Amino acid sequence: MAASIPFRSTSSYSTLFTRLANLKVRRRSFAHTSKALCASSEETPPSSSNSDGRDPFPVFVDNKVQHLLSNITGFDILKIAGPHKKHLEKPKYRLLTDAELKGEMTKARERLSKRLQIPPYMNPRKPNLTPLAVDPDLAQFDTSNYVFTDVTFGVKDRDRTVVIREADGTLRIAPWDVRDRMNQIYNPREGKEYLKPQMFDEQNLERMISEKKYVYILDRACCQFEPDDPDFIRTTHRVYRAIDSAGDHDDLRSTRHFGSLAFYLVWHKTADSLLLDMLNRDLSSDAADLVRLYGILHPQSACAGVLGQLSPDSGSTAVVQVYIDTSSTLTSELQLALQAMDDAGKGHRSGLNK
Amino acid sequence: MPRIPLRRSFDIIKLAYHGCNNRPFFHIVLLKNISKRNAPPIEMLGTYDPMPNMFNEKLVSLDVDRIKFHLASGAALSKPVEKLLGLSGLLPVHPMSYITAKRNRQKQEAQAESQAQPAEDGKSEES
Amino acid sequence: MLCPLRNLIKSSVAHKVLLESSIKQPPLVNSVRFRKPRWLPIAKSKEFYVRKPTPVIPEEAEELYLRYSKYRADVESIRLFLKEQLSQKSVNIMEKQEKDDAADLKLMEEQVKEYNNQVAALRQERQNQEVIAEQKRIEEVMQKQQEERLKRTLQAEKKLEKNKAASFIQPEDLDQAIEIMLDSRSDYNYAITNSGDVILGEYPDQPLDKAPPRTKMSDIS
């Protein structure tokens, strides 16, 4: 009898215990199917353009898509390696042979290409509302909540267990904002603030957008937020839309955000002005890549069907023509731009291919 | 002759005060039971900040893996640590936490009653 | 039974009261003074101070008792569970270690075998080449020797040719040579005495002075 007591009495706790232990294993799933959004969901475009509620992340991480996006981004060394804030130090001079210089240049290019890593495009994360334990006997045990953070050696920020014991005795997984704050407290990151900077508030953001500080906003958002943070999604999407409507696509070229911008516009089927911009700048291969991206992101569309029948070695003009014929909204302007680009290309026959 | 007779020595997880005046802050540490409170710990297992922050939260960090290891290898727990671990869900909730909660609730009820009483009196006087 | 810590018990009023009461065995109170030395008396203001015991509410006490017994059992079982997990983990680690070690050993053996084969192939090749080189060398040496021999033979023949006339017996001198040969007979059929005298044989066909020279034993030794 005496031996049986501990076993019987622990059953409720041991389940809780194992649940908590299992938490460590559980990872944030990327498969958010619903479009449940944050408080500022009215900011997002109408759901009809939101690609029938598919999850963009698996599409985004697809190798083909990544390749296309990085192709589109461009590689303007002066822009990527351009003026950056850093500590003053004396320049180093070295005598190099031609071969060594070439090696150094390739190394520098590799280093710079790391700066062009595209931030992931994800659906907003969903709050976890199911409590781990409800204990009404424990209500009012204290006036404030207790936040428990697992700081086991080697745990990554995304896998960290953070639980909160609320004053009414409920134990639950901490909401995302608390998690982010705890991560910043126990594993601080450079460039990230403990509280959300005021810059990301609605009016300040609008002001900065009107001042066209797009890259600054996007860089700061990348530092501050997780890619599936509703705030990140709201901010970046607002900036993308502002850029698209102002036609400032070139500001983001050769930065890490251009891929995200293109993906966002193509995902929401509003890439016409970006395409027009590319054609006006004689970036024919980029334009073709954008249309191919459209085909991949919207496999059900008419454009994708025609693209599939097109021979793989057909020129970029033909690919863009397919898009103009099937899915464009700015048909006449695109047609004109394509015509102009073609004529110019025939003119000096060199074809500035990117 | 020692003032305090020799005690059995064992490992214990307890709180070590590392704040300053009027600003408590605790480290959760593994120590020998006979060592001083702020002696260099055998191992530091977390922190506890008993002053609520601007979001009305008290922050506790726990090195869960190591705490589990020490629990398994038979380290004792001091009462505050037992309470914290109980609240975190790592161990069952400590009985004293329930008692405090009960007392707090009773106090609050009494307060609410005493506030309700004069209000009712006032009402009756008005009518 | 005497209390072993009797000398530590503070002689407070409470203690006096206890002593005067019916309890013969005083409680085991380990009084510790940290600030004041032990021999100083109790402060005047605290002389008659008796601490009020913490009030115990019976309901709460009962609840605490129940909860505590359950709590302790729970914690103990969790400890046991963790211990088991830990031991399993360590066993797993050990098994894994053993497996890894075996795999490592196998890999190492394979690598050594491969290396040996490689080295053996290299050695075989080297040895073959060495054998060939040795044969070649021997052949060369043989040829050299042969040439040398040939040269020597030729030289000897030449020399022979040169000396032929001087030492060889020509057919016309044959009789004379035979005569000389016959004349130069020597008789060894003799004995030597202890004193060294030569005693010739039965048929000495030669005069004594042509016999071999006398040698004495003393000369020899």
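The crossing of helix 3 of chain A and helix 11 of chain A is right-handed, a crossing being called left-handed if the near helix is turned anticlockwise from the far one by less than a right angle, and right-handed if clockwise. This is a predicted model, in which local features need pLDDT of at least 70, side-chain atom pairs count only at pLDDT 80 or more, and totals for chains, interfaces and linings use all residues. Residues are numbered from 1 along each chain as its sequence is written, while chains are lettered from A and ligands numbered from 1 in the order in which they are written.

Helix 3 (residues 63–73) and helix 11 (residues 257–267) of chain A pack at an angle of about 120°, and their axes are 8 Å apart. Helices (H or I, at least four residues) and strands (E, at least two) are DSSP runs, numbered from the N terminus; axes are lines fitted to C-alpha atoms, for helices over the stretch in contact, and angles run from 0 to 180 degrees between N-to-C directions. From helix 3 of chain A, A:L69, A:S70, A:I72 and A:T73 meet A:F258, A:G259, A:A262 and A:F263 of helix 11 of chain A, where contact requires C-beta atoms, placed from the backbone, within 7 Å.

A:A262 also belongs, with A:V266 and A:L290, to the residues with the most contacts inside the largest nonpolar core, which has 51 residues. Such a core is a set of buried Ala, Val, Leu, Ile, Met, Phe, Trp, Tyr and Cys residues joined through C-beta atoms within 7 Å; buried means 20 or more other C-beta atoms within 10 Å, exposed 12 or fewer, and partly exposed in between. Helix 11 of chain A gives the most to this core, with 8 residues.

A:K269 counts as partly exposed because 19 C-beta neighbours lie inside 10 Å, and A:D282 is partly exposed, with 17 other C-beta atoms within 10 Å.

Turning to the two chains, 25 residues of chain B are in contact with 24 residues of chain A. Helix 3 of chain B gives the most to the side of chain B that touches chain A, with 7 residues. Strand 2 (residues 145–150) of chain A and strand 4 of chain B run parallel and are joined by 6 bridges, pairing being assigned if DSSP finds at least two bridges between strands.
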